[in-house]
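Here is a friendly walk through one protein model and the two ligands shown with it. Keep the structure open beside you as you read.

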Amino acid sequence: MTDPKWSTVDAYFESKLFRADPVLEACLRSSREAGLPEIQVSPVQGRLLELIAGAANARRILEIGTLGGYSAICLARALPEDGRLVTLEIEQKHAEVARTNIERAGLGAMVEIRLGPALETLPKLLAERAGPFDLAFLDADRPNNRAYLEWALRLTHPGSLIIVDNVVRGGEVADPAQRDPRVAGVREMIDAVAAESRLRATAVQTVGNKGYDGFLLARVQAPEPKPKARRAANDR
Ligand code: SAH
Ligand code: DHB
Ligand code: MG
């Protein structure tokens with residue numbers, strides 16, 4: 001139930017702020033033609049991801065959940081020439097469509113798509129020392145959000161950003177009557193963020209083409225310095 005007003009406002013900002021973007025348009029067209037679910041980030045959200053990655057000077061980006069490569073293209077556009085984005089996808093068909101879309105965007109050399117369940121690929125990335133990543137975008141199956149957060153913490157460094165999509169979903173997250181395991185996965189992830197002293201976080205609610213939803217944004221902090229051992233004099 002998306003209020004048509006929200007989509008109208010998205011369309012207004014797209015018409016004012018965005019130039020024609022044949023690369024992203026072709027990405028959407030080919031994803032639709034291949035029968036992929038139309039659940040990629042919206043154009044204004046994709047531009048937000050690009051701006052955040054750019055402002056963070058991200059050189060290495062990790063994405064979980066590639067779909068047709070729309071958000072990967074947005075994020076990779078912020079990378080410097082020697083930058084790198086690794087994106088994890090479980091569905092071979094999605095990965096193939098994404099590969100074509102990313103090649104067409106001219107980003108093929110920067111972007112690596114890793115096929116398989118993310119929870120199998122993430123330990124491999126750690127073993128290969130593929131990180132540390134400056135930005136991680138978590139946008140796959142929500143029941144695994146908490147586990148993805150933990151892997152993102154292992155694969156990032158102080159100063160990195162972790163962004164999680166779909167944390168609001170029409171307000172479900174804060175509805176005590178909502179018992180869906182996907183929502184439970186989001187709440188467990190949020191509880192883990194809350195309990196993690198290394199993370200400073202916020203959440204932004206979004207409305208628009210994607211309905212009422214939101215992103216969690218967290219920055220990895222430097223570890224708190226250990227309190228200095230009290231000098232013996234103070235103990236007297
Ligand atoms: N980030 C994309 C949208 C991702 S949709 C964009 O905005 O353009 C979620 C994707 O996660 C789907 O393609 C789905 O196949 C994938 N996915 C679901 N479970 C997964 C898992 N366990 N490991 C890796 N990918 C998974
Ligand atoms: C769904 C998944 C997403 O990542 C998203 O942004 C929107 C919808 C879904 O599974 O329905
Ligand atoms: Mg999403």
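## Two spots in the loops

Leucine 67 lies in the loop that runs between strand S1 (60–64) and helix H4. Have a look at its backbone: the phi of leucine 67 is positive, at about 50°, although this residue is not a glycine. Please keep in mind that you are looking at a predicted model.

Glycine 131 and proline 132 are joined by a cis peptide bond, with an omega of about -5°.

## Helix H1

Helix H1 covers residues 4–17, which makes 14 residues. From its first C-alpha to its last, H1 reaches 20 Å, close to the 20 Å expected at 1.5 Å a residue.

At the start of H1, look for aspartate 3. A side-chain oxygen of this aspartate comes to within 2.9 Å of the backbone nitrogen of lysine 5.

## Ligand 1 and its surroundings

Which residues are the closest to ligand 1? They are Gly65, Ser71, Glu89, His94 and Asp139, from a total of 22 residues that surround this ligand. Sorted by class, the shell holds 11 nonpolar, six polar and five charged residues.

Several polar atoms can be picked out one by one. Glycine 65 uses its backbone: one of its polar backbone atoms is 2.8 Å from a nitrogen atom of ligand 1. Serine 71 uses its side chain, with an N or O atom there 2.7 Å from a nitrogen atom of the ligand. Histidine 94 has a polar side-chain atom 2.8 Å from an oxygen atom of ligand 1. Taken alone, ligand 1 exposes 590 Å², and the protein buries 91% of that. The ligand sits in the largest pocket, and the elements that give two or more residues to its shell are helix H4 (70–76) and strand S2 (84–89).

## Ligand 2 and its surroundings

Ligand 2 also has its place in the largest pocket. Around it are Ile39, Asp139, Asp165, Asn166, Arg169 and Lys210. How many residues of each class make up this shell? There are four charged residues, one polar and one nonpolar.

Lysine 210 places a polar side-chain atom 2.5 Å from an oxygen atom of ligand 2. For aspartate 165, a polar side-chain atom is 3.2 Å from an oxygen atom of the ligand. Isoleucine 39 takes part through its backbone, where a polar atom is 3.2 Å from an oxygen atom of ligand 2. On its own, ligand 2 exposes 290 Å², of which the protein buries 69%.

Methods: Residues numbered from 1 in each chain as written. Chains lettered and ligands numbered in written order. Predicted model: local features only at pLDDT ≥ 70, side-chain atom pairs only at ≥ 80, totals over all residues. Heavy atoms only, no water. Near = heavy atom within 4 Å. Polar contact = N/O pair within 3.5 Å; in protein donor to acceptor, adjacent residues only side chain to side chain. Areas by Shrake-Rupley, 256 points an atom, 1.4 Å probe, with all protein chains shown as cover. 1 Å grid on protein atoms, 1.4 Å probe; cavity = no way out; pocket = protein on both sides within 12 Å on 5 of 7 lines; lining within 4 Å. Sits in = over half its atoms within 2 Å of the grid points. Nonpolar A, V, L, I, M, F, W, Y, C, P; charged D, E, K, R; others polar. Helix = DSSP H or I, 4+ residues; strand = E, 2+ residues; numbered from the N terminus. Expected span 1.5 Å × (residues − 1).
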